[in-house]
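Hi everyone, thanks for coming. Please have the sequence and the model open while I talk, and we'll walk through the picture together.

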Amino acid sequence: YPLCALSPTTKQWYQRRVHGEYNLESCKMKWLWLAAGLGPLLVLAQEPVQTALDYNSVEYKAKKFVDDAEETLRLEAISSTFASWGYESNITDETQKVSEAATTKFELLNKKFGKEAQSFDLNQIKDREVVRKLKLMKNIGTAILPTDKLKKFISLTANMGKKYSTAKVLDYETKRNILV
């Protein structure tokens with residue numbers, strides 16, 4: 001069966017074969033040239049086996065750290081968001097405490113992972129996605145504060161939000177509450 005033919009009918013194939021248009025050697029040569037031409041590309045596209053299997057490499061450790069940290073932060077962010085949503089939709093002292101506790105827990109976790117991310121040397125990591133995520137994790141913002149000051153900061157911002165959200169608007173002329 002000719003490998004080089006483009007689906008000719010049996011009669012067309014037989015006529016071409018009889019007249020010598022299908023030369024088995026030419027088909028073999030075409031496949032050989034194709035294999036020789038694409039072979040180096042296939043080899044170059046693969047990573048070296050040593051790098052791919054080196055579990056002690058900085059690259060592997062950074063990738064594993066980023067994956068684990070992302071999953072933990074994702075779950076904690078969900079918990080923190082629910083607590084914050086509960087507070088924003090029902091502003092009471094009790095929901096404020098729950099929201100502040102969840103925010104504090106998330107920020108302390110963010111601080112922990114940010115400090116660990118700072119320990120990686122980005123020059124040794126080739127994967128640009130991992131480098132980008134490590135750079136984002138290094139930016140820990142207000143979580144850099146000591147724990148007591150961080151709690152005070154979170155409480156202060158929650159109280160400011162509470163004042164803003166529960167403010168009473170007075171009528172301009174009578175100086176009384178509009179919503180009585």
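Let's begin at K105, which counts as exposed at 53% relative accessibility. By exposed I mean over 50% relative accessible area, by buried under 20%, and by partly exposed anything in between, with a 1.4 Å probe and protein chains only. Before I go on, a word on the source: this is a predicted model, where local features need pLDDT of at least 70 and side-chain atom pairs count only at pLDDT 80 or more, while totals for chains, interfaces and linings use all residues. Residues are numbered from 1 along each chain as its sequence is written, and side-chain values use heavy atoms, with hydrogens and water left out.

So which residue meets K105 in a salt bridge? It is E76, at 3.8 Å from N to O. A salt bridge here is a side-chain nitrogen of Lys or Arg within 4 Å of a carboxyl oxygen of Asp or Glu. The pair links distant parts of the chain, since E76 sits in helix α4 and K105 in helix α5, 29 residues apart. Helices are DSSP runs of H or I with at least four residues, strands are runs of E with at least two, and both are numbered from the N terminus.

Let me step back to the whole protein for a moment. There are seven helices and zero strands. Of its 180 residues, 22% count as buried. The salt bridges come to eight.

Another of those salt bridges joins K133 and E70, whose closest N and O atoms are 3.2 Å apart. K133 belongs to helix α6 and E70 to helix α4, so this pair ties together parts that are 63 residues apart in sequence. E70 is partly exposed, with 35% relative accessible area. K133 also forms a salt bridge with E129, this time with 3.9 Å between the closest N and O atoms. Both E129 and K133 lie in α6, four residues apart, which is about one turn of the helix. Through shared partners, salt bridges join E70, E129, R132 and K133 into one network.

Now stay with helix α6, residues 128-138. Which of its residues are buried? They are V130, V131, L134 and M137. These four cover an arc of only 125° around the axis, so they are on the same side of α6; the arc is taken from the directions from the helix axis to the C-beta atoms. They pack against α4 and α5 (93-118), where contact means heavy atoms within 4.5 Å. Turn to the other side of α6 and you find R128, K135 and L136 exposed. At the start of this helix, a side-chain oxygen of D127 comes to within 3.1 Å of the backbone nitrogen of E129.

Last stop, the surface of α4. Helix α4 spans residues 58-89 and includes F82, which is exposed at 64% relative accessible area.

Notes:
Polar contact = N/O pair within 3.5 Å; in protein donor to acceptor, adjacent residues only side chain to side chain.
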